[in-house]
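Biologist: I would like to learn how to read a model feature by feature. Could you walk me through one?
Modeller: Gladly; let us look at it together.

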Amino acid sequence: MSELAVGFVRGAHGTQGWVKVGSYSGELDHLVGLTELKLRCGETEHDLAVEGVRPAHREILMKLAGIDSRDDAQRLHGCELWVDRSAAAPCGEDEFYVADLVGCALYGEGENVIAHVVGVWDSGVCDMLEVETLDGKTYNVPFREPFVGEVDVRKRHVELKAPWVLA
């Protein structure tokens, strides 16, 4: 996947169209250097230039082109900031983006492929893997212990420790 969601609009800041931006990774440095991004709000998306960025406590304040009032900024609440992977925070050793799980094979005992990850979504408690079994059925698997074990996105491999969730 060449684009990644790196953050989201938390709300408006001030009266000049600035928005408060939260980072999905918890890292802020990569957001400070952005000059352009794709803003996705539901089914709509807009390519926007970044006119200004200021660090603020645990978030970033950002001025986007064409967003010039508090009302404009408030309408963006909840929208996601998408950038090219090269502009996202770099992953450390044994780290990966959740988006990298899509397309991975789900393995059971004996290294048998039993499903493929077709999506990932946030349940509010944990990320959920949406998986499709080899016979075309779809299930949701909590992406945490004790359901999922070893993950190797380079090998496109996710270990399923609780195969009963696919029953």
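Biologist: With which residue does Lys63 form a salt bridge, its closest N and O atoms being 3.4 Å apart?

Modeller: Start with the general idea: side chains of opposite charge can pair when their charged atoms come close. A salt bridge is counted when a side-chain nitrogen of Lys or Arg lies within 4 Å of a carboxyl oxygen of Asp or Glu. Here Lys63 pairs with Glu51, with 3.4 Å between the closest N and O atoms. This pair links distant parts of the chain, since Lys63 belongs to strand 5 (residues 59-64) and Glu51 to strand 4 (residues 44-56), 12 residues apart. Strands (E, at least two residues) and helices (H or I, at least four) are DSSP runs, numbered from the N terminus.

Biologist: What should I know about the model itself before I go on?

Modeller: It is a predicted model, in which local features need pLDDT of at least 70 and side-chain atom pairs count only at pLDDT 80 or more, while totals for chains, interfaces and linings use all residues. Residues are numbered from 1 along each chain as its sequence is written, and side-chain values use heavy atoms, with hydrogens and water left out.

Biologist: Is Lys63 buried or exposed?

Modeller: The scale is this: buried means under 20% relative accessible area, exposed means over 50%, and partly exposed is in between (1.4 Å probe, protein chains only). Lys63 counts as buried because its relative accessibility is 9%.

Biologist: Which Asp forms a salt bridge with Lys63?

Modeller: That is Asp68, and the closest N and O atoms of Lys63 and Asp68 are 2.9 Å apart. Asp68 has a relative accessible area of 47%, so this residue is partly exposed. Elsewhere, salt bridges with shared partners connect Glu3, Lys38, Arg40, Glu45 and Asp47 into one network.

Biologist: How many salt bridges does the structure hold?

Modeller: There are 11 salt bridges in the structure.

Biologist: What should I look for in the backbone?

Modeller: Look at phi and omega. Asp94 has a positive phi of about 65 degrees although it is not a glycine. Arg156, also not a glycine, has a positive phi of about 60 degrees. Arg156 lies in the loop between strand 11 and strand 12 (157-160). With a relative accessible area of 31%, Arg156 is partly exposed. As for omega, the peptide bond from Glu145 to Pro146 is cis, with a value near 5 degrees. Pro146 is in the loop between strand 10 (138-142) and strand 11 (148-152).

Biologist: And where is Ala73 placed?

Modeller: Ala73 is in helix 2 (residues 70-74). Ala73 is buried, as its relative accessible area is 0%. Contact means heavy atoms within 4.5 Å. Apart from neighbours within four places in sequence, Ala73 contacts Ala12, Gly17, Trp18, Val19 and Ile67. The C-alpha atoms of Ala73 and Trp18 are separated by 6.4 Å, although the two residues are 55 apart along the chain.

Biologist: How many helices and strands does the chain have?

Modeller: The chain has two helices and 12 strands. Of its 167 residues, 40% count as buried.
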